[in-house]
Amino acid sequence: MKRGCMVRPAEPTWRGRQSLSELDQINTLTHTQIIYFYRPPNTWLTPHDVVYDTLKSSLSRVLVPFYPLAGRLRQIIANDNNKPRRESSRLELDCNGDGVEFFEAELSAELAEFGDKDNNHTSNKNNYLFTPSPNYRYLFPVVDYSQPIEQIPVLFIQLTKLKCGGISLSLSFSHVVADGQSMAHFLREWARFARGTPLQTTPFHDRNALVASGTKVQIFDDHSNQLLHLPSLVEKQNKTIKRTVISLRLGKNDVEILKKLANYYNSNSSECRITTRNDKGIHRRFSRYEAVASHIWKCLSRVRKLRDEQETTNILTIDIRHRLRPAMPVGYFGNAIFDIKTTCLARELSSKPLGFGASRVRAGIEKVTSEYVLSAVDYIKSQRDLFCFRYLYSFFVESFIGNPNVAVVDWSNLPAYEMDFGWGNEIYFGPGNLEVEGDSVILRDCGGDDSLLVVLCLNVDHVEDFKKSFYKDIMNSCL
């Protein structure tokens, strides 16, 4: 059973066409999926109808400050040298208050059916590793992309009641309009409204804040390579691979071991001296993300059996809110993330210690300076056609992002956890789908013991080898 309605802002909001930043413009036009799972609410205090009505009414109220989510995307109509008006590749946001599509559904399934039994860390109280699977399609609304873009809502939401009494709350949002930080901001304020508390942080909607007015920045030579090109396989595959998604838990001790393995790499080595010492020559230890991202990269390259001379790239997604000078306004709503690539040869990654990969990850992160980002924005602005950027970032394009490359996105620090709408915190938050082989997300384990979850899309034939490789170095470590 499923029923839907359009939820509009509870009060009149600003209406008009909102310009989008260049970092908004290059995102894929499909919707990004995220999902929350909750244990059964107290049936005496919070029956399902109350859950639905609370979410619906509070959504209407929170859409007042977050009015762009109730709008629609439109292609800009260009007038080029007095030729007939035509649609350009650039978009704008029509803040028209048309609303968010909100569905209520019931599904004859248990919470446990959406997660694999966790055999590696059975002490975790959740005891299940929720993993995106084909069954997740029942938990999300279907988005009809055959419609004109101006008729497709920016945000779809579905509340699903499961047979066991548990619930899922799923969101499909346009990545052109918002990134993960912005959607986490929206969700936290929505949860506050649902609990009857006022708005905490007002969203900032002026997207011109991304570029400092009048600033002249250098155009770096490598933007075309960084934004549009990735290594391809030296030895081409002749068969179509079957993909699947797995979830693996890294306990707190596992994470500490990986950090020690990365930092055990000789800090005097010329290969990592630049990335492990600051400008005063003081050694800087590799972070949790740098160690885990390097570990995923190394394990995946190992099980793919890449040739020694094969180039492999790790695509890193960096939040630039505090990297720009001046920093972006608090509550900036839009896309403030920047993808950077770091590349090495497969033989370097496989033959050298974990710290080598971590040093490559750090080198990529440190490249993302204010000057570099603003230069990239200027480069994108100078491009006549943006379809090539959206094509690259589309998860349907296996040849661009898949083997031999990796993407490691860190969601562990997103303020998207402990999302209490009035009936307790979630037992899981994560992506609703991963479609590209080599695409991975690092999550915080909602079990509350500082564990991490790694959700990864990979070749079905590589699953068992990857699991063994993933834990082998940790188990064999004597550090």
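The legends below describe close-up views of a predicted model.

Residues are numbered from 1 along each chain as its sequence is written. In this predicted model, local features need pLDDT of at least 70 and side-chain atom pairs count only at pLDDT 80 or more, whereas totals for chains, interfaces and linings use all residues; side-chain values use heavy atoms, without hydrogens and water.

View 1. Strands are DSSP runs (E, at least two residues), numbered from the N terminus, and two of them pair if DSSP finds at least two bridges between them.

**View 2. The pairing of strand 11 with strand 17.** These strands run antiparallel and are joined by 8 bridges, strand 17 covering residues 452–459. Leu-248 stands opposite Val-454 in strand 17.

**View 3. A stacked pair, Tyr-36 and Tyr-38**. Rings of Phe, Tyr and Trp (its six-membered ring) pair if their centres lie within 6.5 Å; planes under 30 degrees apart count as stacked, over 60 as edge-to-face and the rest as tilted. Here the centres are 6.4 Å apart, with 25° between the planes. Tyr-36 is buried at 0% relative accessibility, and Tyr-38 is buried at 2% (buried means under 20% relative accessible area, exposed over 50%, partly exposed in between; 1.4 Å probe, protein chains only).

**View 4. An edge-to-face pair, Tyr-417 and Phe-429**. The centres lie 5.2 Å apart, with 85° between the planes. Both Tyr-417 and Phe-429 are buried.

Notes. Helices (H or I, at least four residues) and strands (E, at least two) are DSSP runs, numbered from the N terminus.
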